[in-house]
Amino acid sequence: MDYSKLLNPEQLKPVYDTDGAVLVLAGAGSGKTRVLTYRIAYLIEHNKVEPYNILAITFTNKAANEMKERVAAVTGAQGVWISTFHSLCAKILRMEIAVTEKYTANFSIYTDSDSDKIVSRIVKEMGIEDGGELKKQIRFHISNAKNHALSPEEYAKRINGLPHAETICKAYRSYERQLAANNALDFDDLILKTLLLFKDYPEVLRRYQERFRYVHVDEFQDTNKIQFLLVRMLVGRYGNLFVVGDDDQSIYGWRGAEVGNILDFKKHFAGCRIYKLERNYRSTSNILDLANKIIAHNFERMGKTLWTDGEKGVAVSYRSLYDDRQEADFVIGEMMSLMRYNGYSAGDFAILVRQTALTRLFEEKLYLYNLPFKLIGGQKFYERKEIKDVLAYLKTIANPRDKESLTRIINVPNRKIGEATVAKLAVSCEESGYNMLEGLLHFEDLGLTGATRTKVEPFAELMKDLFEHKDMPLYDFVQYADEKIDFCKDYDRSEDEGLGRIENVQQLFSSIKEFSKDNPDAGLEEYLQSVSLVSDTDEADDGDKVTVATVHGVKGLEFRCVFIVGLEEGIFPSLRASTTEKEIQEERRIMYVAVTRARERLYITNAQRRMRFGRIENGQASRFLTEGGLIAPRPGYRQENYERNAQPSFGKSIADLPGRSTQKRPLQPAVGSAVQTGSAPAVRNADVSCFRPGMTVQHSRFGVGVIESISGENAKIRFEGLGVKTFNMRLAPIKIVNQ
């Protein structure tokens, strides 16, 4: 095989370097999988290494299967062990764990739900009241301890001084005893128990060191501490370690990934060689230039510069829009224009967000303008648990016979109403001749006593109260319901997950407020009907669709055209009062990953005003725009000020933050950048002057409607049973029925 015809000179060097420790810094789109594949082929063909003696570790089953296919296609060889960390360890443990005399080879592997049940039982046995939040903390700390290879005793020292530290470690010890009694391992145990097996039984370790004489690890920047320790043990005899990774794409610190594993590779493997793959085969020069400028502001990195010998391409476009609704219209309009005039299809586009709450408006706009889409990296907005919970309250009030919605909310937020209590309530209602909601509204007729009555009565009073106020204006009612219920009560505001759920609920409130503004006379039924249509999507065909995704959800993917939206401080980068320099650098790496997903065209947008947490916020342009040269620095801008002064508490209006003016600042473009403000180009209806109030029009999905009013390019159209919806008439799939 002539490798010089298959690989470029930069790729050839690490392929030919077969002994000792080798690190390949592989930039985005530089062909790292190709290098890994041909490196294995070269070992087999040129060095006559038996496939049996080669190990390759990936992070996903999909990546492992793809590499198996590539290696088999290139070499024709069988026997190379290619798997994920967890699959590798599970196989080793099946063969070796009996030596410990604590487990047998037929051990069970517990899922997260299995582990949750055990922790719930432990919390109950410990007599902890209202242990829902503490249960989550215990689960997190057990996993965290195992991913750092710490026993309950060692972890107790690590978290000494934290709230509930003693309880957490006591629960950890009990959890381990129960797993051992069940001859079971959880997912984290697969790696930890393999590590301990190797540590306690050196003869077992030597057997696998002898077998795996050449070890390869893909996506090395995503390894955590325990994975790194396992790899170092495996290569302890022969020292032949070949890792591929990109420190600039290390974006999983929140789940334990240690970028230091790749940054400190030289320290851990003396005499290692480092190669850089900087030639990019994916993106145009303009896109790469932006990525290089932004990531250069990180000071903890090994350093590389992506380049291409391809075309310079279309200039990166930055647009600052008046508000978030205009931002969404611009993105959809630009897509439709590219599809109409430049030969793009829906599947060529990706809309990337840093925070899942931002997807709501884009999902709704794509639906309004009849563009198919799929969501990656999270559930569609109206399918998220916290959204379904709020809507279930509204459905219960709107439809008293909706038992499914009622049973969903009876213990949301947590009221300690379990399944047994719900079953007793259902029986009592049936015996009294009521459906469940009617029974709650006539609670005294049910004859419930004891603990059942004590638990259910407050909920019954709540439902009576809500029913008495259901005729309030829609948005006023939702606000009233939130005051009574506190929909976000169970969400931890100190954690990103909890904050994300809270912001999603506030996004829902914002959408209800918008609907109420357009439909001042609409009630619950009309709103819920409108939502049901927006959330009713066809999941059967996953073909030619716009991708709406978090940046984390598209790592490893690429698209012809990418829109990175919401480039505002506090959103991208995502900031809180406790944000550290280390976290800012990870945010910058996330931006780098987002930029390098684009092949041909890249659009970056933000909104000067955005509805967040139930109110309008005046946005401050993201530092990444300045760092990338897309806008000129503001007067007094200094990079170190950005690094050391993260924004105060997440959720405040940017206008309220110390030292921030409430006046909108113009976002100044840098010289030569493609920056514009305004709305989308004409794509569907070139001449919007043909539309007039009172016209009957036909929407391709919503049917017949009447134009109520027109303001500029936007029109409010009333559809029977759905209320009023606002469209940009240049974009809307609307035809005139009569004039």
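Let's start with Phe349: at 0% relative accessibility, this residue counts as buried, since the cut-off for buried is under 20%. Please keep in mind that the model is predicted.

**Phe349 and its aromatic partners**

- Phe563 is buried as well, because its relative accessible area is 0%.
- The ring centres of Phe349 and Phe563 are 6.3 Å apart and the planes meet at 45°, so this pair is tilted.
- Phe349 belongs to strand S10 (residues 349-353) and Phe563 to strand S13 (residues 559-564), so their pairing ties together parts of the chain that are 214 residues apart in sequence.
- One aromatic cluster takes in Phe349 and Phe563 together with Phe330, Tyr344 and Tyr603.

**Another aromatic pair**

- A pair of aromatic rings is described by the distance of the centres and the angle of the planes.
- With ring centres within 6.5 Å as the cut-off, the count comes to 25 aromatic pairs.
- Phe220 and Phe265 have ring centres 5.8 Å apart and planes at 90°, so they make an edge-to-face pair.
- This pair also links distant parts of the chain, 45 residues apart: Phe220 sits in the loop between strand S6 (214-217) and helix H11 (225-234), while Phe265 is in helix H13 (residues 265-268).
- Phe220 and Phe265 are both buried.

**Helix H5 and its two sides**

- Helix H5 has 14 residues (residues 112-125), which at 1.5 Å a residue should span 20 Å; the C-alpha atoms at its ends are 20 Å apart, so the two values agree.
- Which residues of H5 are buried? They are Ser115, Ile118, Val119, Ile122 and Val123.
- Just after H5 comes Gly127, with a positive phi of about 70°.

**Cavities**

- Rolling a probe the size of a water molecule over the atoms shows where empty space is left.
- The structure has four cavities of 30 Å³ or more, and the largest cavity holds about 300 Å³ of space.
- The lining of the largest cavity is made up of 18 residues, and those nearest its centre are Glu364, Leu368, Glu514, Phe515 and Lys725.
- Helix H16 (359-368), helix H23 (496-518), helix H24 (524-535) and strand S20 (723-728) each give two or more residues to the lining of the largest cavity.
- Sorted by class, that lining has eight nonpolar, six charged and four polar residues.

**Backbone details to look for**

- Most residues other than glycine have a negative phi, and most peptide bonds are trans.
- In the loop between helix H18 (403-409) and helix H19 (419-431) you will find Pro413, and the peptide bond from Val412 to Pro413 is cis, with omega near -5°.
- The loop between H18 and H19 also contains Lys416, whose phi is positive, near 65°.
- Lys416 has a relative accessible area of 41%, so this residue is partly exposed.
- Phe572 and Pro573 are joined by a cis peptide bond with omega of about 15°; Pro573 lies in the loop between S13 and helix H25 (581-595).
- Glu101, in the loop between helix H4 (85-96) and strand S4 (108-110), has a positive phi near 65°.
- With 75% relative accessibility, Glu101 counts as exposed.

Note on methods: Residues numbered from 1 in each chain as written. Predicted model: local features only at pLDDT ≥ 70, side-chain atom pairs only at ≥ 80, totals over all residues. Heavy atoms only, no water. Helix = DSSP H or I, 4+ residues; strand = E, 2+ residues; numbered from the N terminus. Expected span 1.5 Å × (residues − 1). Buried < 20%, exposed > 50% of the residue type's maximum accessible area, 1.4 Å probe, protein only. 1 Å grid on protein atoms, 1.4 Å probe; cavity = no way out; pocket = protein on both sides within 12 Å on 5 of 7 lines; lining within 4 Å. Points joined across faces, edges and corners; volume = space filled by probe spheres on them. Nonpolar A, V, L, I, M, F, W, Y, C, P; charged D, E, K, R; others polar. Phe/Tyr/Trp six-rings, centres within 6.5 Å; stacked < 30°, edge-to-face > 60°.
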